[in-house]
Amino acid sequence: MPNKIHIKLLSENALLYLKKNLASVTKNIQENDNNKWIYSAFPQPMFVEKKIEISDFELQDNPDSGDKYIDFKNSVTIYETLKELPRYIVCDEKFWLWLHFEKFYLVSKKMMRVRGESTIKDHWMHIQGTRRGLMFGVLSRCFFRVALTVDESKGENKYELTKWVINNPERFRNLTWRAFSSEEHLVRGILRGEKRALEEFGGAEDNDIYPEISKYVSVIGSVRLLDKISEEDIERMIYEKMLELLNGNK
């Protein structure tokens with residue numbers, strides 16, 4: 001049995017310090033592969049331990065998320081470990097900041113190079129809002145791209161769509177910015193329609209199509225209640241639209 005650990009959240013005082021001292025924190029992250037500096041720089045206690053337990057887990061180093069296989073394995077590990085947590089926890093930036101700063105500090109640095117303050121704001125924190133923050137986060141995006149693509153009814157192939165979107169994140173990225181991304185059956189149906197059309201088309205993949213698909217779903221939502229559309233229906237609609245766009249780009 002794996003060891004159990006208590007989850008933690010970044011404290012409110014530490015979060016306030018981070019926001020007020022973003023430049024110096026960013027510089028420290030860039031210059032230090034060891035996170036010992038956080039315990040002298042941030043107000044203490046930096047983290048608040050909660051009663052909720054999870055299985056302890058480790059991630060593989062993957063500089064700039066360059067290895068798609070490791071990216072997939074890490075994403076599944078994060079999802080399987082955290083999937084039973086309440087949604088208010090996995091949607092809380094203070095939870096992910098605990099993982100970024102303490103448990104997976106160096107892994108987080110390697111997965112996405114810290115080029116400046118914008119990296120910390122956009123990918124360690126939720127500066128752009130909760131939805132975008134979660135979908136852009138170094139580790140949170142790994143969790144949610146699995147949560148929105150896993151299909152338990154497929155048995156051993158339940159991660160088929162997860163692998164597909166990790167191989168080319170553009171297939172998935174534009175969907176996650178939209179309000180309908182909270183409807184997991186819609187996301188799966190859209191991706192299945194895209195995947196089926198691409199396999200049938202057999203030609204070169206054009207990433208410019210994916211923003212058009214996202215806009216098309218929004219148009220459907222303006223005349224129909226998206227949460228009432230079945231996964232099969234949205235798959236068919238996207239499959240037909242995708243083929244239309246692909247053939248139009250020949």
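Modeller: Contact here means heavy atoms within 4.5 Å. Keep in mind that this is a predicted model.

The part to look at is helix α4, which covers residues 68-82. Two packed helices are described by the angle between their axes and the distance between the axes.

Take helix α11 as one partner, residues 160-167. The axes of α4 and α11 are 10 Å apart, and the angle is about 135 degrees. Angles over 145 count as roughly antiparallel, and 65 to 115 as roughly perpendicular. The pair α4 and α11 is therefore oblique. The crossing of α4 with α11 is right-handed. On the α4 side, the contact uses Lys68, Asp71, Phe72 and Ser75. On the α11 side, Thr162, Lys163, Ile166 and Asn167 meet them. By type, this contact has two nonpolar, three polar and three charged residues.

Now turn to helix α10, residues 140-147. Here the axes lie 8 Å apart, at an angle of about 80 degrees. That angle makes α4 roughly perpendicular to α10. From α4 come Asp71, Ser75, Val76, Ile78, Tyr79 and Leu82. From α10 come Cys142, Phe143, Arg145, Val146 and Ala147. This contact divides into eight nonpolar residues, one polar and two charged.

Ser75 deserves a stop. Ser75 sits in α4. Is Ser75 buried or exposed? Buried means under 20% relative accessible area. Ser75 has 0%, so it counts as buried. Setting aside residues up to four places away in sequence, Ser75 touches Cys142, Arg145, Val146 and Ile166. Ser75 is listed in the contact with α11, and also in the contact with α10.

Phe95 belongs to the largest nonpolar core, which has 80 residues. Phe95, Trp96, Phe101 and Trp124 touch the most other members of that core. Helix α15 supplies its largest share, eight residues.

Most residues other than glycine have a negative phi. Asp64, not a glycine, has a positive phi of about 55 degrees. Ser65 is not a glycine either, and its phi is positive too, about 50 degrees. Asp64 counts as partly exposed, at 37% relative accessibility. Ser65, at 9%, is buried.

Conventions. Residues are numbered from 1 along each chain as its sequence is written. This is a predicted model: local features need pLDDT of at least 70, side-chain atom pairs count only at pLDDT 80 or more; totals for chains, interfaces and linings use all residues. Side-chain values use heavy atoms; hydrogens and water are left out. A nonpolar core is a set of buried Ala, Val, Leu, Ile, Met, Phe, Trp, Tyr and Cys residues joined through side-chain atoms within 4.5 Å. Buried means under 20% relative accessible area, exposed over 50%, partly exposed in between (1.4 Å probe, protein chains only). Helices (H or I, at least four residues) and strands (E, at least two) are DSSP runs, numbered from the N terminus. Axes are lines fitted to C-alpha atoms, for helices over the stretch in contact, and angles run from 0 to 180 degrees between N-to-C directions. Angles under 35 degrees count as roughly parallel, over 145 as roughly antiparallel, 65 to 115 as roughly perpendicular and the rest as oblique. A crossing is left-handed if the near helix is turned anticlockwise from the far one by less than a right angle, and right-handed if clockwise. Ala, Val, Leu, Ile, Met, Phe, Trp, Tyr, Cys and Pro count as nonpolar, Asp, Glu, Lys and Arg as charged, and the others, Gly among them, as polar.
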